[in-house]
Amino acid sequence: MRLNYPVILKVTGLLTLIEGIAMVPCILAAMVFEEWNAASALILVCLICVCVGFVILTQLKFKKIRLKLQETFLIACLSWVYCSLIGMIPYYFSSCGFTLMGSFFESVAGFTTTGCTVLDPNLLPLSLQLWRAICHWLGGMGILILVLTIFPMLGIGGQFIMSAEAPGPAFERLGMKISEAGKYLYGIYLLLTAAEFALLALGPMDVFTALCASLSSISTAGLIITDANAVYFQSTYVRLVIMLFTILSAMSYLIYYMILKGRWRDALKNLEARAFLLTILVSSALISVVLKCSGTYSSLWQAVKDSLCQVVSMISTSGYFVCNYMDWPTFTQVVLFFLMIVGGCSASTSGSLKILRFIVMLKLVKRGIFRRIHPHAVKPVMLDGRPVSAPLASSITMHILLYFGVLIIGSVLLSFNNLDMETTITSALGAFSNTGMALGQVGATGYFGMFSGFSLFVLTILMIAGRLEMYAIILLFTPSFWHPDKVRAV
């Protein structure tokens, strides 16, 4: 396969420019807080990124080009790796003693909205805390979707980029151009971010913490909690605001598009959204009852508050914590583990399998049982009043099988670190689902510093694979991807 290198270079230039501009607020924060080591690292990287990106975008010219499907998957994969490599430089050169692998892990965790860490947040300068939050925000909706809205101005037809960055059945129902869809999605994303920031800033939080919390929670990346700001997250008001906007961001953004178009009935009847909210309510109720009956909590109201926070955190793949759920009964931990696998809605900022795929899978199982009794019956799988096509059902089944296959391989590779089974499996799931939380030694803090360099590298691969829903990475290792004219029979 002959790649269109000028297009790939121009996309790289645009990403470089975006990332350089995104460092400007962090530079200002470093100067305000007098963090000169972090400021010097940020300024140097920012200048290089802006200059390189500007030169590439202005000097490289070509006629309108339409990307091939293989090129879009390659661009999707390389872009996340490339952005993470640039994003790690401020950590490494901030004179905070961060290792090369640790800095790269932190950067990948930021852009993939996984939110886990190998660094002590209390040792992280405030300017780098803001950089981490900005990385969360850029990665939330997918930086490639932002690029997609600018592609037409560059003469690049990027009709496949959105499906390569976030594959799934949801975008097929937009009924408009992909570039227009990207603008709608980012407009909603900006509006939700601004609304959450305003509400948090009006509460007990200071402006800086409110900004970081908004950027991180609206992208379902979690929260940056340090000893200095931990008291804010004990406020009932702050918890309610963060929970509300985490739920809104884990819902399908197509619902907001329907509402903007006046299709209120379609939005209210959306099966995935109703299943998502019902799962939150049922899981929270079960955990609350167990916490109260087991004597873990003496107050039912406190049990309800904490269980609701942790359920929303896990199912949205945000991965923030308001209490140490490792002290909870085993039943509650199993429920949280299951919610990490389920994930949020399709076409949202959350990760993992997504509610929609579970709904289709359960309907396929139900149909399979029905056809055992009535083998000649024709019974389509219905979703929101429409039949699910055979190719789509097959694609969802393959995705679920592939998901657990990659999870098993990741767990096997992490087992070489020789940690206990609970830590190994849940850490692989925490990275792959982009939740950033686990059980065992990782616990509620999301700290992965006990893993070796090799294990951290495996975890970064799992984070990127989870963010791109596997395909953009797995396809790169198939011979037919590089040699489409030499396809063999399966």
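This is a predicted model: local features need pLDDT of at least 70, side-chain atom pairs count only at pLDDT 80 or more; totals for chains, interfaces and linings use all residues.

A: Residues are numbered from 1 along each chain as its sequence is written, and side-chain values use heavy atoms, with hydrogens and water left out.

Q: Which residues make the nonpolar surface patch?

A: Ile-408, Ile-409, Val-412, Leu-413, Phe-416 and Phe-454 make a patch of about 610 Å². Patch residues have over 30% relative accessible area and no salt bridge, with nonpolar side chains (Val, Leu, Ile, Met, Phe, Trp, Tyr) joined within 5 Å and like charges within 9 Å. A salt bridge here is a side-chain nitrogen of Lys or Arg within 4 Å of a carboxyl oxygen of Asp or Glu. Areas are from the Shrake-Rupley method with a 1.4 Å probe, and for residues only the protein chains shown count as cover.

Q: Which helix gives the most to it?

A: Helix H18, residues 390-414, with four residues. Helices are DSSP runs (H or I, at least four residues), and strands are too (E, at least two), numbered from the N terminus.

Q: And Ile-409, buried or exposed?

A: Ile-409 sits in H18 and is exposed, at 53% relative accessible area. The cut-offs are under 20% for buried, over 50% for exposed and partly exposed in between (1.4 Å probe, protein chains only).

Q: Switching to cysteines. How many disulfides?

A: Zero, counting a disulfide as a pair of cysteine sulfur atoms within 2.5 Å. Cys-49 is in none, and the nearest cysteine sulfur, that of Cys-46, is 7.2 Å away.

Q: Are they buried or exposed, Cys-49 and Cys-345?

A: Cys-49 is buried at 5% relative accessible area, and Cys-345 is buried at 0%.

Q: Now the loops. Where is Thr-113, and what is its phi?

A: Thr-113 is in the loop between helix H5 (100-111) and helix H6 (126-141). Its phi is positive, about 60°, although it is not a glycine. Thr-113 is also buried, at 2%.

Q: What about Ser-352?

A: Phi of Ser-352 is positive as well, near 65°. Ser-352 lies between helix H16 (330-342) and helix H17 (355-373) and is buried at 5%.

Q: Last one: why is H12 called largely enclosed?

A: Because six of the eight residues of H12 (253-260) are buried. They are Tyr-253, Leu-254, Ile-255, Tyr-256, Tyr-257 and Met-258. Just after H12, Gly-262 has a positive phi of about 80°.
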